[in-house]
Amino acid sequence: MGTTEGTLVNGINVVIKQTPYEADAVYLEAVSEGGAAIFADEDYYSAQMLGGVMSTSGISKFSASDLRKQLSGKQARVAASAGSYLHAVEGSSTLKDVQTMFQLMYLHFTAPRFSEDDFQTLMNRYNAMLANQMTNPDFIFSQNVQKSLYNDNYRRQQLTPELIQSIKLEHMPAIHKRLYSNAADFRFTFIGNMSEEQLKPYVEKYIGSLPTASKPGNVYTDDKVNYAKGGVTNDFRTKMEQPKVSVFFGYSGDAEYTMKNIITAKYLSAALSNRYLKSIREEKGGTYGVSSRVSLAPRIKEYFVQIAFDTNEQMADELAAIIVAEIEKIAAEGPLAEDLNKAREFENKNFSKSMEQNNWWSTAIDDYYKYGINTVEEYLPAVNSVSAADVQALAKKILADGNIVKVVMRPEK
């Protein structure tokens, strides 16, 4: 991978990848397992909102406006975030301002600021936004997709005024402490045009002085939120000023997170996109485009296929049938040779360009240390070895698994 890994100070894992691609930029990513999943339902959305509240409140003794003044003329930013299964502190700076980035990182771990006034301002902003969205057909459709995909699980809801009420500022300090009081939970990754020697003094001073325990305190927690199994159909009508029909298909099932499976999913995505472009957009003229993607979820070891499009009421059911028929055709006959060859050629050409992006290295490093996948060495061999039969086998598995969520939103009559 061309990285330097080591417990530099205080039992904290630090990874450094020196890259020349963005000459005056350094990126920081400190990531830990855990996230909102480790909390009870009553604190789940408070945990998810933690980063937004911290950003609005400022840090340490500085309000957000005071902080902007302090950072005037500097190019450094840091933010905390908590997702479902991970929590992080991320940042970036120029080479000149890298010490400021480290200082901000340290304060995000040790000195969060939670302002009642700023919290209320943020909640008012969300409520105002949601008041406009609640009757928006696109929001209603997205809400129904979420509910159908996850069996209306409380932890997978679109944000609503009711959920806003569950977010409690008084719980934020305890949530922050649970997530950020032990730096040994985190892997700190630095990517940019700075060597280990240049970074080491800052690492020792700012990361080495973070509070740690003898072992990680937060680990991956399966909170049993899963995709719906079997066949689920949600076909509903809602009021809309500009009538349209929105259609969503979601397929899921077990899949190991391996490089071969990652590439196979990419090739199936490409094959479906090309088929839908021809059969639905060009031949039927029924929509401006079909969005389709096949992805792998590494932690839960599942694949997920999502397909969506908008059309009119006259063509909706016909086009929905074509969506399924194209998957069935790939399962029966395999992908078209031209589709597979085009996807393989793109991946071969794009690989070296991707390696010149720091974001690509962030993902590659994460896959290496979390899942044992060496993207640098494994990617192109998989690109050139995954076959039409592999893609066909995945399409067959998707149909055989039978976990299909179909959501259709039609205009109210």
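Mentor: Let's take strand β5, residues 86-93, which is mostly covered, with six of its eight residues buried. Buried here means under 20% relative accessible area, while exposed means over 50% and partly exposed lies in between, using a 1.4 Å probe and protein chains only. Strands are DSSP runs of E with at least two residues, helices are runs of H or I with at least four, and both are numbered from the N terminus. Please keep in mind that this is a predicted model: local features need pLDDT of at least 70, side-chain atom pairs count only at pLDDT 80 or more, and totals for chains, interfaces and linings use all residues. Residues are numbered from 1 along each chain as its sequence is written, and side-chain values use heavy atoms, with hydrogens and water left out.

Now look at the partners of β5. Strand β3, residues 26-33, pairs with β5 in the antiparallel sense over eight bridges; two strands count as paired if DSSP finds at least two bridges between them. In this pairing, E33 is opposite L86 of β5. Strand β4, residues 76-82, is also an antiparallel partner of β5, over seven bridges. Here A82 stands opposite H87, and a hairpin of three residues joins β4 to β5. As a general point, side chains in a regular strand alternate between the two faces of the sheet.

Buried residues make up 51% of its 413 residues.
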